[in-house]
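Please keep the sequence and the model in view while reading.

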Amino acid sequence: MPIDVNWYVPDRVIMMRSHGDLTIEEAKAANKKILEFLDLGKPLIHTLVDQLDMGNFPISLRDNKDALSAIKHPNVGWTVVYGNPNKIADFISGMIARMGRLRYRKFTSKEEAIAFLADQDPSVADALLAQK
């Protein structure tokens, strides 16, 4: 599966990594796993999204929105994405974030993303910085 979903900080921060070209079915499977984590974790639950190795992805806003129902979960905290700039992906992600009223930021490096998230939620800062 080109999308891996695991705990980065147990019960508090999810890590989602995208590898290669993505399909809508893979995005929906990742969404399902994230929903499970959101149900089990301790709110607010943040998500780090590693797009360093992401290839092509479905560009339909409707399909992407349907594959990301987790953004409306009451336990969702920040979604912090890092990876190479991609005009189309960044535009679609921004649109979805605005439509879902998601707390969202994008950075080019993992270090920047972690520093931002640690600053936003001091309750996970030590655990995040220990993972670096």
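## Terms and basis

Contact here means heavy atoms within 4.5 Å, while helices (H or I, at least four residues) and strands (E, at least two) are DSSP runs numbered from the N terminus. Axes are lines fitted to C-alpha atoms, for helices over the stretch in contact, and angles run from 0 to 180 degrees between N-to-C directions.

The model is predicted, so that local features need pLDDT of at least 70 and side-chain atom pairs count only at pLDDT 80 or more, whereas totals for chains, interfaces and linings use all residues. Residues are numbered from 1 along each chain as its sequence is written, and side-chain values use heavy atoms, with hydrogens and water left out.

## The sheet

Five strands form an open sheet in the order E1-E2-E3-E4-E5, with mixed pairing, where two strands pair if DSSP finds at least two bridges between them. Strand E1 (3-9) and strand E5 (103-107) each have a single partner strand and stand at the edges, so one side of each is left without a neighbour in the sheet. On average, and with direction ignored, neighbouring strands of this sheet are turned by 20° against each other.

Strand E4 (residues 76-82) runs parallel to E5, joined to it by five bridges, and Thr 79 stands opposite Tyr 104 in E5. E4 also pairs with E3 in the parallel sense over five bridges, with Val 81 in E4 as the bridge partner of Val 49. Seven of the seven residues of E4 are buried, that is, under 20% relative accessible area with a 1.4 Å probe and protein chains only (exposed is over 50%, partly exposed in between).

Helix H5 (residues 122-131) lies across E1, strand E2 (13-20) and strand E3 (45-54), and runs at about 120° to E1.

The axes of helix H4 (residues 110-120) and H5 come within 6 Å and cross at roughly 150°.

## Nonpolar cores

A nonpolar core is a set of buried Ala, Val, Leu, Ile, Met, Phe, Trp, Tyr and Cys residues joined through side-chain atoms within 4.5 Å. The largest one has 22 residues, and Ile 3, Val 5, Ile 14, Met 16, Ile 34, Leu 38 and Leu 102 touch the most other members. A second, separate core of 17 residues includes Met 15, Ala 113, Ile 114 and Leu 117.
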